[in-house]
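Notebook open, model loaded. I'm jotting down what I look up as I go.

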Amino acid sequence: VFGCHGDAEILEQTKKMNEAASLYEKAECYDQAASVYIQLKNWTKLGELLPRVTSPKIHLQYAKGKEAVGDFRSAVQAYQRAGDLDSVVRISLDHLKDPQEAVRIVQETRSIEGAKLVAKFFQRIGDYSSAVRFLVISGCLSDAFRLSREQDQLELYADILAQECGEGEARTEFHSLALHFETAGKHLLAGKYYFHAEDYRKAMKHLLQASRQSPEDAEALTLAVQVAGRAGDDVLANQLVELLLGEV
């Protein structure tokens, strides 16, 4: 076997590539054999060897070759073996018309690049709520905000933001949302998002106003109780008590 390997190297150096590849195979040096088959563009032989090839680089080269000739299913399998899941997402969306697979991969890997690809796909087909979700996952928050505002879906954006971002994250984005709803005179939503932005005094101010405007709507009051609890601020607690006693 070792003799075969040495002979194969000599043959490769002297550009006798087919013979070199055969000897590498005989020596069970499958990565080297595959590398030679790539140089020869012998995709058939390379495909036969792939299950025994360990090098991600070779799988990647094979994937690119298969993609170039339009064999997208083989390309996807090879990209998966190479660990290039963003390319799997791209081909699933652009060529295999399989957005479910693309979504599954991105939700599993949380890949920023993959999420951007999925978001663009959903924008193209007019599924803006899904587009916003994947823009948030990809960290493109300003794009998500802009798209949500254009589509009049800022509440959806905020809900997704709350789901996808951990406690204390995205304060700036929640503050922008609160300002937007404050300007629009929507006290409940302004208060809710000031709460998420951890601006407790402004949150309480708007929630108290919302509660006064719609006493039958319990949401503002429930949120105000949460704000008072989270803030640990006696002034805010007293404001809430006064509202409950009917003095505000």
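Below are my entries on helices, the core and some backbone angles.

**Ground rules.** I'm working with a predicted model, so to speak of local features I need pLDDT of at least 70, side-chain atom pairs count only at pLDDT 80 or more, and totals for chains, interfaces and linings use all residues. Residues are numbered from 1 along each chain as its sequence is written, and side-chain values use heavy atoms, with hydrogens and water left out.

**Entry 1: helix H5.** I looked up H5, residues 56–68; helices here are DSSP runs of H or I, at least four residues, numbered from the N terminus. H5 has 13 residues and reaches 18 Å from its first C-alpha to its last, close to the 18 Å expected at 1.5 Å a residue (1.5 Å times one less than the number of residues). Which residues of H5 are buried? I get Ile58, His59, Tyr62, Ala63, Gly65, Lys66 and Glu67. My cut-offs: buried is under 20% relative accessible area, exposed is over 50%, and partly exposed is in between, with a 1.4 Å probe and protein chains only. The cover over those buried residues includes H3, H4 (43–49), H6 (72–82) and H7 (85–94). After H5 comes glycine 70, with a positive phi near 85°.

**Entry 2: positive phi without glycine.** Most residues other than glycine have a negative phi. I noted glutamate 28, which has a positive phi of about 60°. It sits in the loop between H2 (17–26) and H3 (30–40), and its 57% relative accessibility makes it exposed.

**Entry 3: H15 against H16.** How do H15 (200–213) and H16 (218–231) pack? I find an angle of about 155° with the axes 9 Å apart; axes are lines fitted to C-alpha atoms over the stretch in contact, and angles run from 0 to 180 degrees between N-to-C directions. The two helices are therefore roughly antiparallel, a label for angles over 145 degrees. From H15, the residues in contact (heavy atoms within 4.5 Å) include Tyr200, Met204 and Leu207, and from H16 they include Leu221, Leu223 and Val227.

**Entry 4: the core.** The largest nonpolar core has 79 residues, and Val118, Phe134, Tyr157, Leu161 and Leu177 touch the most other members. Such a core is a set of buried Ala, Val, Leu, Ile, Met, Phe, Trp, Tyr and Cys residues joined through side-chain atoms within 4.5 Å. I followed valine 118: leaving out residues up to four places away in sequence, it touches Val89, Leu93, Ala102, Val103, Val106 and Phe134.

Terms used. Parallel < 35°, antiparallel > 145°, perpendicular 65-115°, else oblique.
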